[in-house]
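Open the model in your viewer and keep the selection tool at hand. The tour below goes stop by stop, saying what to select and what is found there.

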Amino acid sequence: MAAEQKFTQQTWPESPEQATLEGKNKFLGFWLFLGGETVLFASLFATYLALKDSVPSDSHAKATDLFELPLVFLMTMLLLTSSLTSVFAMYHMKNYNFKKMQTWLFITVALGLGFLGCEIYEFNHYYHEYKHTFTSSAFGSAFYTLVGFHGGHVVFGLSWIIALMIRNARRGLNLYNAPKFYLASLYWHFIDVVWVFIFTVVYLMGMVG
Amino acid sequence: MANLQQNSNNPKASYEYRRKKHAEEMRMQVITFTMMIFFTVIAFAAVGAGFSKWFIIPFVLLLAVVQVIFQLYYFMHMSHKGHEAAQLFMYSGVLVGFITILTFLTIIWW
Amino acid sequence: MSTIAHTQKRGFAGTVWEYLTTVDHKKIAILYLLAGGFFFIVGGIEAMMIRIQLAVPNNDFVSAGLFNEIITMHGTTMIFLAAMPLLFAFMNAVMPLQIGARDVAFPFINALGFWLFFFGGLFLNLSWFLGGAPDAGWTSYASLSLASEGHGIDFYALGLQISGFGTLMGGINFLVTIINMRAPGMTYMRMPLFTWTTFVASALILFAFPPLTVGLFMLIFDRMFGSGFFDVAMGGNTIIWEHFFWIFGHPEVYILVLPAFGIFSEIFPTFSRKRLFGYSSMVFATVLIGFLGFMVWAHHMFTTGLGPIANAIFAVATMAIAVPTGIKIFNWIMTIWGGSIQFTVPMLYAIAFIPSFVMGGVTGVMQAAAPADYQLHDTYFIVAHFHYVIVGGIVLGLIGGAHFYWPLMFGTMLSEKLGKITFVLFLVGFHLTFFIQHFLGLMGMPRRVWTFLPGQGLETGNLISSIGAAFMAVGIIIMLINIVITQKNNVQVGRDPWKDGRTLEWALPSPTPFYNFKQLPLVRGLDPFWIEKMEGKTEMTPAEPIGDIHMPNNSFIPFVISLGLFIAAFGAMYQMDDKAWAIPVLVIGMAVTFGAMLVRSIKDDHGFHIHKEDLLEEDGKGGTR
Ligand code: HEM
Ligand SMILES: [Cu+2]
């Protein structure tokens, strides 16, 4: 089977993720999917902006009461760095260096888990300190839906990368799994793209009212 | 269906060249990353320093857009050949998304 | 490992299993046709009940509450579960062949898309038996749908969510197929119009369904999980739902009508024996309609108080769509002009389509004038408008297309005589039913009304409308009889049954081999098969020597993934009644879905190869040509 063929660093093609027709299709299909995801997140942002600070009574917390810079900054750094480490992983994928690719993917996953930990802490904090929940106000619903959808993407992305790492741990790279690794890393970057807008629109703009 | 794409001419000769190209690209990525971190720090600093909101909002939005362009074009390789369809559909998605957000900011009120 | 033996006879259970696991676009097309046809009949029965109720004043054939459920389910079923899947049936059956592909880009995803649609539709329709159907209209405006009691709206939101995922996957699959899998020489500007309209409609799906997904999630969260998106008391805003619904909803009407345009654009040249007039302007108009389709949604919301500026912008944008649509109409007329016309059944539908659709377009432009729409909105005038575009455009396209492509899908030819009887009954019935509704609307009869009073001048119009509906029903019944007779007689008609086929799908032997093209064809221009025929050839020139063909394996996983979501939906819905079993069911369902996805991603599936020798051997035997 051509897709299972063994390679050396010399024979490994220039764009392994697109070297087979199957890979090419997956590559394009995934980009189109990201185009749709863009609209999905834009819709969530639109809702958030329309419902921001829209609470039933003044006793409810608003954006300026809730957010704190240091935690968001830490989360941002974790996610941005994980984006770079997944670039490193793909660099080694293109050089047919499976071990190093796995190492960098592992670091990516670790950083992603760190991000997720911060997010759980953050939500917990809002709940206990401010009684700001999914069901406390329209603002709460919109906030948790937007940020939670992103968090859900992080969870899915992490599971995907971990599954790929475990599944292929023993057999190394081939033209069948190279597109999969590549797409998982694209997905991870897209998660980062969305986060850039979340920290800007939700947190930074939320802080200034 | 033909499974393997024609590989560029002589594999051994192009191998060294490819590695070099990858390494160069990697350097580019690290520079990109540094700038992204830099932009992020400025954005947070601007909010932390407590400038007027009329300055901060357009400023952080601009930084976010630039950063995302970096992410798309360098980290996600949208600058490379073979991404024409990807670009078309990403931009279409951005356009639809932008119109949605514009609507929700202008004609939804109480 | 199955090879050519695939085509051999198998028992009933074997056939069922084959269809449950198939990833072949031609078989998935048949699944879509069956399921879509079934829902079309369900929606049709609901329509007949509406018309019986409204045939005479003060009628009580159905109660007011039931009436609301019937109109809601009629609209929802027809749009999501009948029209879209039936179009998907033709896209699957025809498009890959038209571009000279051996398969779609993602055969597995293709099957998954079907099963998601199917289980979503099943879930939605189970509401009839589990405490009542949704009753807030197919638009399900949030102020109404949040107040609706029982689980009807929950069935609506969850069912559409599941089938919407399927549609989105189908759209991405078609896009990638068209971009990546075209045969050698099949440039974009040589693609048949049906392929082009499939392409644009799929792009619209890609961008229009996410807003619907978001809107439905919010409806689900508000009703089942206590959030407050649309709940004014919590600071929410019901207008948000309307926007999401129509940001999806208007592109949706073009998702439906563009492929129908595509079908007509294939029928006209075939039976006029002329190439399509103004091919490039047709392509341009299709793309432009797709683009403008996203800029006009608020014309459905003129009366919600968007303000004069927004109303003006959306009014002008809406009217602009009439321009590319007009281009198309003139091109079709010019295609017929001077051709040697054959009045076959598909051609009759195509010709009837032009005036019918134009009437719907004209009333559309009338409604686009925002001040006029204040009068027309929510009256029977609107009902008349959208049925003129939906029935006069899409349904005529579906029925005409069914007759046209029947030989391609089943190898048999529907009876022309019965087809003509159906045509006359259906067309007469259609205009009887809906033309008069314009006037009922202008006279003030509101839309979605359960009954009306005598003495207000509405009796005659409504009775005529109901009689027309009966005509349509009889027409459809005759078509079903036609189908049964044809399939029973099973007279195989062979390759190029219309004799004047122009595009690649007609160049294939009949029945189409499961690998489609033994050798990929070389495309030398628009209407490639016609070009070869004009040079006296009977087959396409191959673009490659005979070689091994790679095929995907069948899989049961798409069914399981969809089944998992179907199960989970029950859990999500009943947890709001504090049923103890609900949350476990939700978890189990999700576990089934994600487990099946994990199996899919962990188990390698490389497909199989049909070997060159087998292909050559089959050649020697000389299959049915
Ligand atoms: C091409 C296929 C078309 C389809 C399938 C279609 C379908 C529909 C449907 C279903 C509605 C009802 C909305 C409701 O529930 O109130 C509607 C309303 C409307 N349509 Fe169309 N339409 C089509 C073409 C057009 C065109 C060409 C125009 C204008 C140039 C147009 C303008 C409108 C307007 C302004 C309304 C809003 C009426 C109101 O709700 O007050 N439509 N259309
Ligand atoms: Cu519309």
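A residue is called buried when its relative accessible area is under 20%, exposed when that area is over 50%, and partly exposed in between. Keep in mind that this is a predicted model.

**Stop 1: a pair within one helix**

Select Glu22(A) and Lys26(A), whose side chains meet in a salt bridge with an N to O distance of 3.8 Å. Why are they about one helical turn apart? Because they sit four residues apart in helix H1 of chain A, which covers residues 21–51. Lys26(A) has 23% relative accessibility and so counts as partly exposed. Glu22(A), with a relative accessible area of 36%, is partly exposed too.

**Stop 2: two helices of chain A**

Stay in chain A and select helix H4 (residues 98–130) and helix H5 (residues 138–168). Their axes come within 10 Å and cross at roughly 155 degrees. An angle over 145 degrees counts as roughly antiparallel, so that is the word for H4(A) and H5(A). The crossing of these two helices is left-handed.

**Stop 3: a bridge between chains**

Now select Arg171(A) together with Asp604(C). Their side chains form a salt bridge, at 2.3 Å from N to O. Arg171(A) is in the loop between H5 and helix H6 (178–207) of chain A, while Asp604(C) is in the loop between helix H18 (582–602) and strand E2 (608–610) of chain C, so the pair joins two chains. Asp604(C) is partly exposed, at a relative accessible area of 24%, and Arg171(A) is partly exposed at 21%.

**Stop 4**

Select the whole of chain B. How many helices and strands does chain B have? There are three helices and zero strands. Chain B has 110 residues, and 39% of them count as buried.

Next, show helix H3 of chain B (residues 84–106) with helix H8 of chain C (residues 239–272). They pack at an angle of about 155 degrees, with their axes 11 Å apart. H3(B) and H8(C) are therefore roughly antiparallel, and the crossing is right-handed. On the H3(B) side, select Thr100(B), Thr103(B) and Phe104(B); on the H8(C) side, they meet Ile240(C), His243(C), Phe244(C) and Ile247(C).

**Stop 5**

Remain in helix H8 of chain C and pick Glu242(C). Glu242(C) is buried but has no salt bridge. The nearest side chain of opposite charge belongs to Arg448(C), 9.7 Å away. Setting aside residues up to four places away in sequence, Glu242(C) touches Tyr141(C), Met301(C) and Thr304(C).

Then go to Asp373(C), in helix H12 (residues 370–376) of chain C. Asp373(C) is also buried without a salt bridge, and the nearest side chain of opposite charge is that of Arg447(C), 8.9 Å away. Beyond its neighbours within four places in sequence, the contacts of Asp373(C) include His299(C), Phe302(C) and Ile382(C).

**Stop 6: salt bridges in chain C**

Select Asp527(C) and Arg502(C), whose side chains meet in a salt bridge at 2.8 Å, N to O. Both residues are in the loop between helix H15 (459–489) and helix H16 (528–534) of chain C, 25 residues apart. Are Asp527(C) and Arg502(C) buried or exposed? Both are buried.

Finish with Arg524(C), Glu532(C), Glu535(C) and Lys537(C), which are linked in a network of salt bridges. Over all chains, the structure holds 20 salt bridges.

Key
Residues are numbered from 1 along each chain as its sequence is written. Chains are lettered from A and ligands numbered from 1 in the order in which they are written. This is a predicted model: local features need pLDDT of at least 70, side-chain atom pairs count only at pLDDT 80 or more; totals for chains, interfaces and linings use all residues. Side-chain values use heavy atoms; hydrogens and water are left out. Buried means under 20% relative accessible area, exposed over 50%, partly exposed in between (1.4 Å probe, protein chains only). Lys and Arg count as positive and Asp and Glu as negative; His and the chain ends are not counted. A salt bridge is a side-chain nitrogen of Lys or Arg within 4 Å of a carboxyl oxygen of Asp or Glu. Contact means heavy atoms within 4.5 Å. Axes are lines fitted to C-alpha atoms, for helices over the stretch in contact, and angles run from 0 to 180 degrees between N-to-C directions. Angles under 35 degrees count as roughly parallel, over 145 as roughly antiparallel, 65 to 115 as roughly perpendicular and the rest as oblique. A crossing is left-handed if the near helix is turned anticlockwise from the far one by less than a right angle, and right-handed if clockwise.
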